[in-house]
Amino acid sequence: MKTFPIGGVHPPENKLTAGCVIQQLPVPQSVAIPILQHIGTPATVIVNKGDTVKTGQVIAASKGIVSTNIHSSVSGKVNKIDTIIDTTGYKQTAVFIDVQGDEWVDTIDRSDEILTDIKLSSEEIIKRCLESGIVGLGGATFPSHVKLTVPSGKKCDVLIINGAECEPYLTSDHRIMLERGEQFLIGVTILMKALKVTRSMIGIESNKTDAIEHLTNLATAFQGITVHPLKVKYPQGAEKQLIKALINREVPSGRLPLDVNTVVHNVGTAFAVYEAVQKNKPLFERVVTITGKSLSKPGNYFVRIGTPVSKLIEAAGGLPEDTGKIVSGGPMMGKSLNNTEVPIVKGTSGIILFPESESERMQSESCIRCAKCISACALNLEPYLLMTLSEKGLFERAEKERITDCMECGSCSYICPAQRPLLDYIRLGKSTVIKMARERVVKK
Amino acid sequence: MSNLLNVSLSPHTHGKETTRKLMFGVVIALLPALFTSIYYFGIGAIIVTATSIISCVLFEYLIQRFIFKKPISITDGSALVTGLLLAFNVPSNIPVFIIVIGSFISIAVAKMTFGGLGNNPFNPALVGRVFMLISFPRQMTTWPIPAGLSTKYIDAVTGATPLAIIKEGLKNGESISQLMTQIPTPVQMFLGKMGGSLGEVAAIALLIGFVYLLVKKIITWHIPVSVIGSMAIFTTILWLINPEKNADPMFHILAGGVLLGAIFMATDYVTSPMNPKAMIIYGCGIGILTVIIRVWGAYPEGVSFAILLMNAFVPLMNAYIKPKRFGEEVKNG
Amino acid sequence: MSSTVLITIISLSLLALISAVILYFIAQKFKIFEDPRIDEVQAVLPAANCGGCGFAGCRNFAEALVKAETFEGLNCPVGGAVTMEQAAKILGKAAPVVEQTVAVLLCNGTPEFRPRTSKYDGVPDCRIAHNLYIGETDCSYGCLSLADCVRACAFDAMYMNSETGLPVIIDDKCVSCGACVKACPRHIIELRKKAKKDRKIYVACSNCDKGGPARRACKVACIACNKCYNVCEFNAITIENNLAYIDAFKCTFCRKCVTECPTNCIIELNFPPRKPKVEAQAETVAT
């Protein structure tokens, strides 16, 4: 079975919702849609207070190359344009809409029919992705149209689809592969057409046997798509690790997958691309896993962007009394939220509620130099050293030790027997080093 | 929900591995060797081990309580491991006061002066052992003969270790083939029927501990295998050059504290290198230095000195021997 | 016996002599000429090596002083005017008059005024908390209460008040080296002109949000209502980014803005109590 060669950890899977069919979350009474839900420049708001909007209408337009459109996820009236604390942990500008009915933009095909024929050309597909606001739905939220545009001088010979879903708890990609398998594979074919490649590999961790079987059967009808089971090991779904596991190419440090002639897209993204291209439906809802050990009805839901987390928790049986921490994303890389009114955004793959007993960190002790962090690091860095260097403010040395290579997967902090906050300090060092490097460029 | 939400950086989950679990894992791995030594050396082994453990933990407690004035961390088990290893490195008939002095040197001088667990450059148990060896050479080099659950402590019947027999014999001009008749057979040595420090004699018990440590992923194979491997290669070369002057590799590995040193002392987290490449160099250094001390040095046994000497190189190795990073570009001229 | 002693003495003396000769020549060979005034200037500097002057240490600053044509832009905030004058005397130059400053915290978000909305569980380091999220309160500009500034202070001039959760600056000890200003990731410490009797009037808020959100996050936030701006007769107050700022050089300590501020975010310190008003009130009560 394929896997990446170095490092990795085995956190308990806790896929409580793997068997829960995706349900539709009722449209809430009001939504707050942040205008920055992707990596890059925030979109520009093009609606005003008091405007009436339809579901699927553009409310903030893409600005610059690395940016994308934001659509209204509901129909109703724009209440205000204000700030709200979102998953970034800071106040961001958002469009607040009061819901009235659910009237969709006319051009959206709302039928259940599965459309196999791809009518659009490669360029049109990329344009449609930008118009529909498609971003990487695995969590990084990089605008997809940028990733699909192969710059001149570079080439791509294989498309990799990331179905590893190596984060514990999360099951949204798993359910899409099971329930929307055909649409997902059409989405992959569309991506292949956009990239002009003939080969696509789908990597799925072997704990999702049903999805692997289902897709292997379906894929026989699609040309060039193959399904590959992967060993269950975190971070199997990290871009560079997945490329190494599937096609044994090593992305050089500081470079992109395109430098080894490949592009990686996520399962959720492929499905969103299908809906955008075949059904003309922009990205205004996504599958979100709501889970937690003390939650009464954990599940997977289609959630409109901008819905407050509290509504989702309500649907899952209400906020348990002992909740100590709410995490958006997976437990290894997700961000913890400081209130329940945070809106669901394009990058929210799951909401996890941790009971109080699991939400507090243990007291950190002194490093015993056991080197477990080194053996856990999938990039073969030395986390203990990087932490010490940034703790002591020796950022130049940290840069030489390649602190910027760190992908913040959290394996080192996870494994550390002395519960040291390795990644906290590495993040600090990394952001400082990046800032320093930027200043150097400006000076030159 | 009555309280405020907790906010912290990811990861939001932890592997449940703790320093304490690792330390007690080492203790469990040492138990087979402890039981065999009790079987061979009887009451002496129990007295020595108990004294050593109690005094090590006590010194750590006293220093943390009255000098550091910081939270007490004796429950992490590191002092327990030091105490156990120190006991394993001395003869079973050693007087109690010497062990207490040795424990004091181990904990107070070798460990706490550097700031406690995680900061000491040299293996505490070995520093204590070497201190005792140099300060009390007579008591430290008279070894009781295994007598099967003996009730004798100080007055146990003593004899020389195989290594000492070879060393003395070669000095007096005897050949290896003559000397081999005076020492236990390899099978006896494998089972531990020979004179020696109380924990080092039974190879079989130490190997069981090694397997446990590997299975529990407490240590990796790199250091023990490279220590034993490099010793085997080096002694084979010497043996092939002159079998009448040099003992065979099998003897070198089974005699003395090689296995105890390679499996438990050299792999001490704090004082060993952090990445596999450096671990192998470190292990080979220990193996080669041990043979050099045994063959050409004044002492019959050299594992302790070899490990301590290599400990001194660990910071250097950590700084200059780096693992190959993922995605590191190979410079093509 | 005596010959042994003799040989020992002779051989050791020889050894010493040879070493001395070698050392002498090496010292000559590697001698670097340094302006002797650098040492002199360094001697009058405070030797705190705090970096407040913008140089790595006092030695570097002394070198810069010796090299410089004028003292323009060079100042030792720790030693102040006295030190600069001494240095100027050694170098035969004129020391410019530099206003003395003192560090001031532009935030008054005590738990009473600024309620906690979440619990930060992680390394007690402002920079890390600042990179992570808004902080334990709803104010994204205010103090994070994790004491980076206190740790940065080399002069023991700061401490954390455990009740308010805010750092306190001891004016007498503060040498305005600026270490805390640099350490604060939210940039809410300012070096302000030192006035007579340590008197201060300043806007103790850094919140650039609009009035509504600012007020919701903290009861003593500046809501940019312009009242202080309107009342100030000396153009000392500017309002930018929804935040008022009092220029310490223009302020005449008339204290009108303090009473005008609806959220009490303008703070006056080390003033005698306002007698007239108290009396007026007392009179009205009496009648």
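The model is predicted: local features need pLDDT of at least 70, side-chain atom pairs count only at pLDDT 80 or more, and totals for chains, interfaces and linings use all residues. Residues are numbered from 1 along each chain as its sequence is written, and chains are lettered from A and ligands numbered from 1 in the order in which they are written.

**Chain A with chain B**
- Chain A puts 54 residues into the contact and chain B 31 residues (contact: C-beta atoms, placed from the backbone, within 7 Å).
- On chain A, at least two residues each come from strand E15 (323-328), strand E16 (335-337), helix H13 (411-415) and helix H14 (422-443) (DSSP runs, numbered from the N terminus: helices H or I, at least four residues; strands E, at least two).
- E15(A) gives the most to this side, with 5 residues.
- The side of chain A that touches chain B holds 27 nonpolar, 13 polar and 14 charged residues (nonpolar: Ala, Val, Leu, Ile, Met, Phe, Trp, Tyr, Cys and Pro; charged: Asp, Glu, Lys and Arg; polar: the others, Gly among them).

**Helix H6 of chain A**
- Helix H6 (residues 239-247) is largely enclosed by the rest of the structure, because 8 of its 9 residues are buried (20 or more other C-beta atoms, placed from the backbone, within 10 Å of a residue's own).
- Buried residues of H6(A) include Glu239(A), Lys240(A) and Leu242(A).
- They pack against strands E9 (158-163), E10 (200-205), E11 (225-230) and E12 (262-266) of chain A.
- Asn248(A) follows H6(A), with a positive phi near 50°.

**Domains of chain A**
- Chain A divides into domain 1 (1-10 + 114-360) and domain 2 (372-443), with bounds from an automatic or database domain assignment.
- Their centres, taken over C-alpha atoms, are 26 Å apart.
- Domain 1 gives 12 residues to their contact and domain 2 gives 14 residues.
- The domain 1 side has 8 nonpolar, 4 polar and no charged residues.

How values were computed. Two residues are in contact if their C-beta atoms, placed from the backbone, lie within 7 Å. A residue is buried if 20 or more other C-beta atoms lie within 10 Å of its own, exposed if 12 or fewer, and partly exposed in between; C-beta atoms are placed from the backbone.
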